[in-house]
Amino acid sequence: MPQLKTKVIHGAVSTDQVTGSVVTPIYQTSTFLQNGLGSPKEYEYTRLGNPTRHALEALIAELEGGVRGFAFASGMAGIHAVLSLFKPGDHLILADDIYGGTFRLVDEILSKSGLTYDLVDFSDLSVLTEKFKPETVAVYFESPSNPLLKIHDIAQIVALAKSHGALTVVDNTFATPYFQRPLELGADIVLHSGTKYLGGHSDVISGLVTTNSEKLADHIGFLQNSIGSVLGPNDSWLVLRGIKTLALRMEAHAANAKKLALFLDASPYVSKVYFPGLKQDPGHELAKKQMDGFGGMISFELADESKVKPFVESLKYILLAESLGGVESLIEVPSVMTHASVPKALREKAGIKDSLIRLSVGIEDATDLIADLSAAFEKVNA
Ligand SMILES: Cc1ncc(COP(=O)(O)O)c(C=O)c1O
Ligand SMILES: N[C@@H](CCSC[C@H](N)C(=O)O)C(=O)O
């Protein structure tokens, strides 16, 4: 069985079956010539299937240990397709600090079609246990979570969900299959914003989904084609290219993040650091158990909330922008940016304070990143 470092390069269909091209070609076509009436070739119409997209879909399935993969026009499109598995009256249990856009999709759109939900802190499994109802069809969470980097016990949550006949859906965007494979821990569906570490270069929006159940795969495939929010061939190619360097990039992100987290932890201007790689982090031991690395994301709170705006506006290399997982370091303020779609009261209940800053650590030289943070702290506290 090849290692993940090999799979990202040679996994699934890495060479073109027709020409032998060592790089999967971009099949930029909407449709395919048929052999005769009622007799299509392997591919028929690009919404249904496209060889470039298929190479990416097969690759994500192989990396995560799924039976089939699906590529969508965005992470949200993938999440929408997965949650379309459920019907009016079904009940979901969502972790209380999921990405703001996921919360918005459930709260403002899917709830209109009769899906109900509870938001729960998944770190307390006794609270989670109480939320199951006969109508509960799935539990949904991220680990590490966005933006609090909470680590949830995937195997235990799966066991709980299974005992109530519910599916477990894990958003593995922050860890990537390089650091964590939830299907191996029993999860039913894994999804990604491929926009982030998988694409890796902040140049493409995409979503990826995989499952270890043939039955769920058939259903998700039906929904992918019927809803139609598929990833185009060009964007599929960009994500395929990004994944080839996933192993190298994740190692570099994680090594830099550890250095920056230690720097922030020692800073008098920072009151709290959220990073599972720190020994005192509540998720540290669990992360060591279920992950192969701590990832490249850090969140932290400033001691003086009034300094948040000038601080994030004073950085030179670390760019003020929404998103994460690209080679360049990005910083953002969840309450104003990525999680603004979550009502303030719910945000605060989940622990997402206005003073919280989220940092996606890039693969630049760590000394330059630390110097950048240091200079901004000195400037705003002068
Ligand atoms: C954890 C997580 N899941 C899903 C999404 C949605 O992905 P996309 O922006 O690709 O639609 C995001 C960010 O947008 C995210 O941070
Ligand atoms: N304003 C956007 C938010 C994009 S957030 C992108 C990404 N998930 C992240 O966490 O950085 C919106 O409201 O959709």
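Author: A polar contact is a pair of N or O atoms within 3.5 Å. The model discussed here is predicted.

Reader: How far does a polar side-chain atom of Y99 lie from an oxygen atom of ligand 1?

Author: The cut-off for a polar contact is 3.5 Å. The pair formed by a polar side-chain atom of Y99 and an oxygen atom of ligand 1 lies at 3.4 Å.

Reader: Which residue has a side-chain N or O atom 2.8 Å from an oxygen atom of ligand 1?

Author: A polar backbone atom of G75 is 2.9 Å from an oxygen atom of ligand 1, but that contact involves the backbone. The side chain with an N or O atom 2.8 Å from a ligand 1 oxygen belongs to S193.

Reader: Which helix gives the largest share of the shell around ligand 1?

Author: The shell around ligand 1 has three nonpolar, seven polar and three charged residues. Its largest share, three residues, comes from residues 75-83, helix α3.

Reader: Why does ligand 2 lie between two domains, and which are they?

Author: The residues around ligand 2 include R104, N146 and E322. Ligand 2 lies between the domains because both give residues to its shell: domain 1 (4-242) and domain 2 (247-381).

How values were computed: Residues are numbered from 1 along each chain as its sequence is written. Chains are lettered from A and ligands numbered from 1 in the order in which they are written. This is a predicted model: local features need pLDDT of at least 70, side-chain atom pairs count only at pLDDT 80 or more; totals for chains, interfaces and linings use all residues. Side-chain values use heavy atoms; hydrogens and water are left out. A residue is near a molecule or strand if one of its heavy atoms lies within 4 Å of it. Domain bounds come from an automatic or database domain assignment. A polar contact is a pair of N or O atoms within 3.5 Å; within protein, one must be able to donate a hydrogen and the other to accept it, and residues adjacent in sequence count only if both atoms are side-chain atoms. Helices (H or I, at least four residues) and strands (E, at least two) are DSSP runs, numbered from the N terminus. Ala, Val, Leu, Ile, Met, Phe, Trp, Tyr, Cys and Pro count as nonpolar, Asp, Glu, Lys and Arg as charged, and the others, Gly among them, as polar.
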